[in-house]
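Colleague: I have a model open and want to learn to read it. Please take me through it feature by feature.

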Amino acid sequence: MKTGIHPQYFDDAQTTCSSCGKVYKFGSTKQSIVVEICANCHPTFTGEQRFMNTGGVIDRFQKKMEQAKVYKKKLAEKKKKEEAKKARPTKSLKELMAEL
Ligand SMILES: [Zn+2]
């Protein structure tokens with residue numbers, strides 16, 4: 001092994017899960033690592049339906065969904081209006097003058 005080019009290796013590096021607090025020990029070049037989720041608490045491994053609301057991700061998503069609903073509604077109304085406009089027959093100047 002060439003000297004001076006390899007990072008320091010820790011045989012007992014600690015990885016801590018910030019969600020459940022479980023500590024894993026394995027070799028790494030960093031002495032301590034903090035992860036947000038691990039195999040002990042991830043819904044895929046636990047089988048439970050739980051939402052990790054980190055930083056209001058779900059709130060933001062729901063807000064966007066609400067905005068999308070409003071937008072869709074507005075778009076549908078606009079389309080309806082345009083179709084109604086198209087369906088209305090166009091009158092010639094002569095016809096308009098006749099109405100007066
Ligand atoms: Zn965990």
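**Reading the model**

Modeller: Start with helix 2, residues 57-87. At 1.5 Å a residue, its 31 residues should span 45 Å, and its end C-alpha atoms are 45 Å apart, which agrees. The expected span is 1.5 Å times one less than the number of residues. Helices (H or I, at least four residues) and strands (E, at least two) are DSSP runs, numbered from the N terminus.

Colleague: What should I know about the source?

Modeller: This is a predicted model: local features need pLDDT of at least 70, side-chain atom pairs count only at pLDDT 80 or more, and totals for chains, interfaces and linings use all residues. Residues are numbered from 1 along each chain as its sequence is written.

Colleague: Where in the chain is confidence lowest, and where highest?

Modeller: pLDDT is the predictor's confidence in each residue, from 0 to 100. Where pLDDT is low, the predicted coordinates should not be read in detail. Here the chain averages 89, and 95% of the residues score at least 70. Helix 1 (residues 43-46) is lowest, at a mean of 82. Strand 3 is highest, at 95.

Colleague: In what order do the elements run from the N terminus on?

Modeller: The order is β-β-β-α-α-α. That is 3 helices and 3 strands.

Colleague: How do I read the sheet?

Modeller: Look for pairs first. Two strands pair if DSSP finds at least two bridges between them. Here 3 strands form an open sheet with mixed pairing, in the order 2-1-3. Strand 2 (23-28) and strand 3 (32-35) are at the edges; each has a single partner strand, so one side of each lacks a neighbour in the sheet. From one strand to the next, the twist averages 30°. Axes for such angles are lines fitted to C-alpha atoms, for helices over the stretch in contact, and angles run from 0 to 180 degrees between N-to-C directions.

Colleague: How many bridges join strand 1 to strand 2?

Modeller: There are 5, and the two strands run antiparallel. Strand 1 covers residues 10-17. Thr16 stands opposite Val23 in strand 2. The two strands form a hairpin with 5 residues between them. In the turn, Gly21 has a positive phi of about 85°.

Colleague: And strand 1 with strand 3: parallel or antiparallel?

Modeller: Parallel, with 4 bridges. Cys17 faces Val35 of strand 3 there.

Colleague: How do I judge burial?

Modeller: Count C-beta atoms, placed from the backbone. A residue is buried if 20 or more others lie within 10 Å of its own, exposed if 12 or fewer, and partly exposed in between. Buried residues make up 0% of the 100 residues in the chain. Helix 2 is hardly covered, with a buried count of 0. Lys79 lies in that helix. Lys79 counts as exposed because it has 10 C-beta neighbours inside 10 Å. Asp12, in strand 1, is exposed too, with 9 other C-beta atoms within 10 Å.

Colleague: What is the radius of gyration of the chain?

Modeller: It is 32 Å, whereas a compact globule of 100 residues would have one near 13 Å. The radius is taken over C-alpha atoms, and the globule rule is 2.2 Å times the number of residues to the power 0.38. Along its principal axes, the C-alpha trace spans about 100 × 40 × 20 Å.

Colleague: What about contacts across the sequence?

Modeller: Two residues are in contact if their C-beta atoms, placed from the backbone, lie within 7 Å. Among contacts between residues at least 6 apart in sequence, 2% join residues at least 24 apart.
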